[in-house]
Amino acid sequence: MSEHLLCCIDRVEPRGDGSVGVVVDGWCLASLPVESLWIATPDRARHPVSQGRPRADVGDAYPGYPDAADAGIAFQLPVAADEVTFGVTVKSPFGRTRTAETTLFLEPGRVQRLDILPARPPPSDIEGELVRCLDRGRGLMLRLDLVNRCNLRCVMCHHSDPAVRARPRGEIGLAGFQEIFASVAPWIREVMLSCADEPLVAREFAEGVAYLSGFPAVAVSFCTNGMLLD
Ligand code: SF4
């Protein structure tokens, strides 16, 4: 679901003081907490919208929206108009403020849904977008351990934990590594053959490096304690 406003104009009437322009009131809800609302005029000037007015009827009708019982708004326009540029600043779930402007029609009695932030694409589209980005070039690093062992027990490392040492040996042999690499090879710019273990303990480490040497566009790296280097 996209982030949005629900707005309804209840009244558009000439100013009571005889000056040119209209007063507008109604209500406005947002799917995210609202920081501020404003009207933007063609000269890009912003004019505040009074908000937070009690609207128990709106709260009853839309209980799922933040502060729905105080959704009443009011503003004035210097001239009569059929529509205005309506601005909003909302606070996102991650604490960021987001600002958007949209068109609000001054049509009393009509509940308008105004999208203010685009909907996130569904997961399948995210995957498709990732593939499209990757198709523009090699952009990924493949980082993995070929074995879950180390020949040392450095005190600051998980390998000094008896529970870690007690794990069954796990190892990715050459055939397994080739299968993993082949599944992502077109997008890989670098392979790092170490994460949290000692790569030189792997029985087919050298064969894995030799295999990768057949892919000159792919950089190969690893981090080692060096104890097993010839
Ligand atoms: S993985 Fe590195 S830090 Fe951990 S025990 Fe081995 S050499 Fe030491």
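**Exercise 1. State the strand order of the open four-stranded sheet and identify its edges.**

Solution. The model is predicted: local features require pLDDT of at least 70, side-chain atom pairs count only at pLDDT 80 or more, and totals for chains, interfaces and linings use all residues. Residues are numbered from 1 along each chain as its sequence is written.

Step 1. The order is E4-E3-E7-E8, with antiparallel pairing. Strands (E, at least two residues) and helices (H or I, at least four) are DSSP runs numbered from the N terminus; two strands pair if DSSP finds at least two bridges between them.

Step 2. E4 (46-48) and E8 (97-105) each have a single partner strand, so one side of each lacks a neighbour in the sheet.

Step 3. From one strand to the next, the twist averages 35°. Angles run from 0 to 180 degrees between N-to-C directions, and axes are lines fitted to C-alpha atoms, for helices over the stretch in contact.

**Exercise 2. Determine how many bridges join E3 to E7.**

Solution. E3 (residues 34-40) and E7 (residues 83-91) run antiparallel and are joined by six bridges. Leu-37 stands opposite Val-88 in E7.

**Exercise 3. Describe how H4 and H5 pack.**

Solution. Step 1. Two packed helices are described by the angle between their axes and the distance between the axes.

Step 2. For H4 (residues 174-184) and H5 (residues 205-212), the angle is about 35° and the axes are 9 Å apart.

Step 3. Leu-174, Phe-177 and Gln-178 of H4 meet Glu-207, Gly-208 and Tyr-211 of H5, contact requiring C-beta atoms, placed from the backbone, within 7 Å.

Notes: Contact = placed C-beta atoms within 7 Å.
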